[in-house]
Every structure is written in structure tokens, then in C-alpha cells.
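Student: I have a new model open and would like to talk through its architecture. Could we start with the overall layout and then go into the details?

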Amino acid sequence: MDIRRSLSNHSGPRRSPHELLRRLAERVTPDTNPEDPVRELEERVADLLGKPAALFFPSGTMAQQTALRVHAERRNRHAFAGHPQSHLHVWENQGYSAVHGLRFHPVGDRNALLTLDDLRTVKEPLAAVVIELPQRDIGGLLPTFTDLAEQTRWARENGAAAHCDGARLWEAQTGYDATLPELASLFDTVYVSLYKGLEGVRGAVLAGDEETIGHAAVWRRRLGGAIVDAWPLASVALLGMDENLPRMREFKSHAQAIARAINDDGFAHTTPETPQTPVFHVHLPMPKEEAQRAAENLAGDTGIKLFLYARSNPDPRRCSFEVSVGISALEFAPREVAELIRGLPSRV
Ligand SMILES: Cc1ncc(COP(=O)(O)O)c(C=O)c1O
């Protein structure tokens with residue numbers, strides 16, 4: 001299917017191999033050594049987050065499982081706590097347990113942000129507490145900085161590491177007055193993704209202190225992640241750092257304008273009502289299968305990709321989808337998005 005415009009930064013023209021190669025050609029010069037881009041990327045992430053060390057990984061899945069493994073070995077504890085909808089638990093086939101022998105302790109309500117009181121209910125020794133910023137699967141909600149500080153302090157006071165699932169940390173920071181180093185300072189380890197807001201191909205970086213990251217490098221090799229020629233992934237991510245990183249607030253403002261148009265229109269509504277980051281959810285009064293079919297027909301008829309997939313709802317008459325505003329979504333006027341959504345039932 002020929003996708004010409006996309007509301008999601010995970011698909012569409014900007015991710016086509018041809019477009020990526022064109023942009024890459026501007027960055028890779030005859031003087032570029034294969035190891036340069038990865039080193040530059042690691043240094044840049046460490047610097048941006050104010051952490052002493054950072055390490056490239058081919059995926060966030062590997063980076064986060066490694067971080068937990070290291071925290072567990074150094075504490076001789078085998079459980080970690082996190083939100084019930086943590087990516088580690090929902091999307092990784094329990095890799096933490098199958099590969100690393102760790103246990104996940106879900107805390108709090110699956111449809112709300114984790115709280116300090118939720119953490120206080122945990123009575124087993126934890127190797128780590130994982131906090132995802134923003135909490136993607138509940139519409140990209142963010143805890144306040146004070147809540148975050150209290151929760152990470154609780155982790156450390158109880159002998160656990162505080163780990164940040166910062167797949168969308170660049171986006172999350174737009175919801176705080178705090179700087180990236182201020183946010184990162186609350187955590188022992190921070191993982192960031194290279195292909196969400198940065199629109200890279202794939203890849204991740206794990207940042208922390210020298211000792212933790214040194215230990216993580218051992219596990220990265222064991223897991224087959226110490227790939228020497230990762231320069232294409234790193235180079236595209238560096239492009240994203242140059243082009244996308246300075247525009248995160250613009251992405252958030254556009255997300256807020258789109259959400260306002262959808263809510264004013266009234267056919268659908270968003271959560272949160274006012275997005276705290278460039279990521280939010282749209283709730284539709286349509287069954288999931290119908291919404292999916294309508295979006296496919298829309299893409300076939302117009303080349304517009306409205307969303308990647310529809311999410312089910314406990315009420316089968318309703319569903320939702322995620323919007324993640326990046327450069328592609330800036331092409332859409334807020335009113336146009338509201339009208340496209342209102343028109344979905346006519347495309348079933
Ligand atoms: C919140 C979150 N954490 C971790 C990951 C895992 O990243 P990767 O796809 O690089 O393994 C993702 C990927 O979508 C994610 O959304």
C-alpha cells in the first residue's frame with residue numbers, strides 16, 4: 001500500500017529505506033570511521049542525560065533486560081516492580097524470566113499511573129523499580145516530578161535500583177519543567193530509544209554510572225548485542241538528535257491542538273484530554289475490527305495512515321488508537337484529523 005502521509009511517527013514516508021538512505025548520505029562522509037557514529041551517539045546521550053557512561057544496544061528489549069540483570073546480580077535480588085502495562089511484561093514474552101531468571105511484581109492499577117502507596121504494598125526485596133516515562137499504554141500519562149522523586153527515593157531507600165524506561169524520554173521531558181539531567185538524576189539507569197521520537201531505524205542506549213554500564217557491556221556481549229558495525233543505526237539516530245530533538249515541544253503543541261480539535265468535534269475523545277507529551281490516545285465509538293477496516297480503507301483510498309493498530313476496549317463497541325506526533329504528523333491540520341476520524345464509520 002502506498003502510504004503518502006502518516007499521523008504516526010512509526011510509519012510512513014519518513015521511514016522508507018530510500019528516504020532514510022538519502023538523509024544518511026548527508027551525515028556519513030568519506031572521513032567517517034565505522035566506530036565513530038556509535039561512540040558519538042553514546043557520548044551524546046551520556047552528556048544529554050548527565051550520566052557518566054552510556055552504551056549502545058540493538059534494541060530496547062535487550063537494553064532493559066540487561067539493566068535489570070545487572071541490578072539483580074549486584075543486589076542478589078531477583079524481583080523487580082513496575083506498572084502492570086510495562087513493556088517488559090506485556091511485549092517481551094517474559095524475557096526477564098525466560099532469559100534472566102527474574103520475577104516481575106506488577107504494582108498498582110493497570111489503567112492509572114503508579115503511586116508511592118502502590119509501591120509501599122510491595123513486601124519482597126526488589127532489585128529494581130521500573131518507571132516508564134510517559135506511561136505509553138495509558139495514553140502517555142506522566143507522574144509529577146515530585147511523585148517521581150518520591151517513588152525513586154523509595155526504591156533506593158529500600159535497596160532497589162531506580163530504572164527509567166525512557167523509550168520516549170525525549171517526548172516526556174516536554175511535560176516537565178525539569179531538564180533531562182534533572183530527570184535522569186532520579187534514576188540509576190535510563191534507557192532511551194533511537195527510533196521513537198528520534199525516528200531512527202532501531203536501537204537503544206542505556207546510560208548510568210561507569211560500573212553499571214561496564215557490567216552491562218558484559219551482558220550485551222553474552223546476548224549477542226555487541227555488534228561492531230552498528231554505525232548505520234547510530235548515524236540515523238544522530239540525525240534524529242539534530243533534527244527531531246529540538247522540535248519535541250513543537251510536536252507536543254501540535255498533539256495538543258489535534259486533541260483539542262478531536263474533543264471539540266465530539267465524535268471521538270482523547271486521553272488525556274490535554275496531552276502531556278506528543279503521545280496520546282483517541283477513543284472511538286466503534287468496535288476495533290470496524291475501526292481497523294475503516295483505517296485500511298482510508299489508507300487504500302487516500303494514502304493516509306491514521307494509526308498503526310486499533311486497541312481493544314473492555315466494551316466491545318469501543319476501541320482506541322495511539323497518536324504519536326513527529327515530523328510527519330505536523331503535515332496534518334488539527335481540523336483535518338478530526339474530520340478524518342469522524343468519517344471513519346463511512347469507510348467500514
Ligand atoms: C515503552 C517501551 N519500552 C521498551 C520498548 C522496547 O524497545 P525495542 O523495540 O527497541 O526493543 C518499547 C518499544 O516499543 C517501548 O514502547
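Student: Happy to begin! How far apart do the C-alpha centres of domain 1 and domain 2 lie?

Tutor: Please keep in mind that this is a predicted model, where local features need pLDDT of at least 70, side-chain atom pairs count only at pLDDT 80 or more, and totals for chains, interfaces and linings use all residues. Residues are numbered from 1 along each chain as its sequence is written. Domain 1 covers 5-11 + 247-347 and domain 2 covers 32-243, with bounds from an automatic or database domain assignment. Their C-alpha centres are separated by 28 Å.

Student: Which helix and strand each supply at least two residues of the side of domain 1 that touches domain 2?

Tutor: The contact (C-beta atoms, placed from the backbone, within 7 Å) takes 14 residues from domain 1 and 15 residues from domain 2. Helices (H or I, at least four residues) and strands (E, at least two) are DSSP runs, numbered from the N terminus. On the domain 1 side, the elements are helix H12 (248-265) and strand S10 (279-284).

Student: Are H1 and H11 roughly parallel or roughly perpendicular to each other?

Tutor: Helix H1 (residues 17-27) packs on helix H11 (residues 231-243) at about 85°, and their axes are 10 Å apart. Axes are lines fitted to C-alpha atoms, for helices over the stretch in contact, and angles run from 0 to 180 degrees between N-to-C directions. Angles under 35 degrees count as roughly parallel, over 145 as roughly antiparallel, 65 to 115 as roughly perpendicular and the rest as oblique. H1 and H11 are therefore roughly perpendicular.

Student: Which are the edge strands of the open sheet of 7 strands?

Tutor: The strand order is S2-S8-S7-S6-S5-S3-S4, with mixed pairing, where two strands pair if DSSP finds at least two bridges between them. An edge strand here pairs on one side only, and these are strand S2 (53-57) and strand S4 (103-106).

Student: In S8, what is the bridge partner of Tyr-191?

Tutor: Strand S7 (residues 189-193) and strand S8 (residues 204-208) pair in the antiparallel sense over 4 bridges. For Tyr-191, the bridge partner in S8 is Leu-206.

Key
Contact = placed C-beta atoms within 7 Å.
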